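Here are my notes on the model you asked me to look over. Keep the structure open beside you and click along as you read.

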Amino acid sequence: MVVPLKPSIDPLKAARRAGDPPCDVFLTGTVFLDIIFTGLDSAPVRGTESWARGMGSSPGGVANMATALSRLGLRTSLAAAFGDDHYGEYCWDALEQGEGIDLVTSRTVPGWHSPVTVSMAYEGERTMVSHGHEPPPDADSPDGGAPECPPRARAAVASLTPGTRAPWIAEAARTGTRIFADVGWDDTGRWDLAGLADLEHCEAFLPNAEEAMRYTGTQCPRAAARALTEHVPLAVVTLGADGAYAVDGRTGETAEVPAIAVEALDPTGAGDVFVAGFVTGTLAGWPLADRLAFAGLTAALSVQEFGGSLSAPGWAEVATWWRTVREVDDQDPVALRRYGFLEGLLPEATRPWPLRRAVPTIGFRSA
């Protein structure tokens with residue numbers, strides 16, 4: 001079964017006031033059932049059968065981001081379609097009961113089967129095979145699952161699609177919601193920033209280095225970040241093993257934080273966890289460099305576990321990491337000071353780290 005991780009701290013406690021929006025972050029998108037095979041020595045070979053030493057299953061797709069936000073203590077609302085099959089019931093239960101995510105704006109679609117992704121993790125990478133169909137339109141959700149009037153929220157995370165507007169983004173921004181955007185690979189090959197029309201409603205844009213350079217026509221991710229601030233107030237470019245770089249176009253402030261060296265088992269969902277960490281720090285009012293460092297830390301912790309939502313860390317995992325690295329004699333004191341802002345914030349309770357969650361889940365019933 002999914003291990004429910006109740007957040008041990010509220011990172012927005014100091015910022016909460018009477019009359020605040022009912023949720024901290026709103027999301028919409030497709031929920032997949034993820035089935036993850038682990039312990040493969042190599043990629044499957046055509047015409048042969050491969051045996052995996054482990055298997056896990058969990059909600060995936062937009063559920064990766066929703067789970068990461070909820071485990072960091074943010075009140076998270078998700079609008080998505082769920083199939084009325086066993087997979088859909090499992091994903092709904094895992095998110096609502098296991099993770100405490102608000103699904104009031106979500107819907108169950110009769111006769112529609114859940115999208116499924118099978119992920120095979122090996123050599124620090126993964127190969128995925130997915131299957132699914134678009135859910136039938138809903139009179140209350142003409143925007144593919146997002147309600148016409150999304151709930152009031154401090155923030156929303158939007159995945160931009162080239163050449164397509166999502167009306168809910170403009171409506172959310174109009175009511176004061178701060179929009180954080182990411183983007184996927186542009187299959188059209190145009191890489192035209194004008195095609196990301198909803199970027200005009202966004203406070204922050206968080207592409208990876210390759211995406212940022214292609215959209216801006218630059219040869220350097222740092223130059224790309226600076227160029228992006230002509231279109232969005234805050235640009236954050238992830239640099240993979242080199243960390244992340246950010247530019248605030250409103251103040252001219254820049255920040256760069258190196259990545260944390262870890263043994264990567266599976267990068268699935270790491271980008272979602274990075275965004276969740278950055279949104280958390282932003283809503284908490286942290287300095288730009290601290291937000292960047294925290295986002296990188298949570299993403300680094302996530303790749304040490306298999307799966308997407310399975311691997312999203314909570315505050316207990318962050319606390320365990322902080323306690324562990326301070327006890328290692330050969331740590332760079334300058335690097336440790338980069339995370340000094342965690343002092344006084346983290347809970348006393350810790351968990352074994354890395355925490356293993358990838359276990360078979362579908363098929364068992366609660367006692």
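Predicted model: local features only at pLDDT ≥ 70, side-chain atom pairs only at ≥ 80, totals over all residues.

1. Let's start with helix H1, which covers residues 62-71. Its partner here is helix H6, residues 270-283. Two packed helices are described by the angle between their axes and the distance between the axes. For H1 and H6, the axes come within 8 Å and cross at roughly 40°, and the crossing is right-handed.

2. Which residues in H1 meet H6? On the H1 side you'll find Asn-64, Met-65, Ala-68 and Leu-69. On the H6 side, look for Asp-272, Val-273, Val-275, Ala-276 and Val-279. An α-helix has 3.6 residues a turn, so residues three or four places apart point the same way.

3. Is H1 largely enclosed or largely open? It is largely enclosed by the rest of the structure, because 10 of the 10 residues of H1 are buried. That list includes Arg-71 as well as Asn-64, Thr-67 and Ser-70. Just after H1, have a look at Gly-73, which takes a positive phi of about 95°.

4. Next, find Asp-182 in strand S10, residues 178-183. Is Asp-182 buried or exposed? Its relative accessibility is 15%, and the cut-off for buried is under 20%, so Asp-182 counts as buried. Its side chain has a polar contact of 3.4 Å with the side chain of Ser-159. Leaving aside residues up to four places away in sequence, Asp-182 also touches Met-65 and Asp-272, among others. Other residues touching Asp-182 include Ala-158, Leu-160, Phe-205 and Leu-206.

5. Now compare Asp-85, in the loop between S5 and H2. At 21% relative accessibility, Asp-85 counts as partly exposed. What does its side chain reach at 2.8 Å? That would be the backbone nitrogen of Gly-88. The side chain of Asp-85 also makes a polar contact of 2.7 Å with the side chain of Ser-114. Beyond its sequence neighbours up to four places away, Asp-85 touches His-113 and Ser-114. Asp-85 and Thr-108 are 23 residues apart in sequence, with 9.5 Å between their C-alpha atoms.

6. On to the aromatics: the whole structure has 10 aromatic pairs. Take Phe-82 and Trp-92 as one of them: the ring centres are 4.9 Å apart and the planes sit at 65°, so the pair is edge-to-face. Phe-82 is in strand S5 and Trp-92 in helix H2, 10 residues apart. Phe-82 counts as buried, at 2% relative accessibility.

7. Trp-185 and Trp-191 form another edge-to-face pair, with centres 4.7 Å apart and planes at 80°. Which of them is buried and which partly exposed? Trp-191 is buried, with a relative accessible area of 9%, whereas Trp-185 is partly exposed at 47%.

8. Finally, zoom in on an aromatic cluster. Ring pairs link Trp-286, Phe-294, Trp-315, Trp-321, Trp-322, Tyr-339 and Phe-341.

How values were computed. Residues numbered from 1 in each chain as written. Heavy atoms only, no water. Axes fitted to C-alpha atoms, helices over the stretch in contact; angles between N-to-C directions. Helix = DSSP H or I, 4+ residues; strand = E, 2+ residues; numbered from the N terminus. Left-handed = near helix turned anticlockwise from the far one by under 90°. Contact = heavy atoms within 4.5 Å. Buried < 20%, exposed > 50% of the residue type's maximum accessible area, 1.4 Å probe, protein only. Polar contact = N/O pair within 3.5 Å; in protein donor to acceptor, adjacent residues only side chain to side chain. Phe/Tyr/Trp six-rings, centres within 6.5 Å; stacked < 30°, edge-to-face > 60°.
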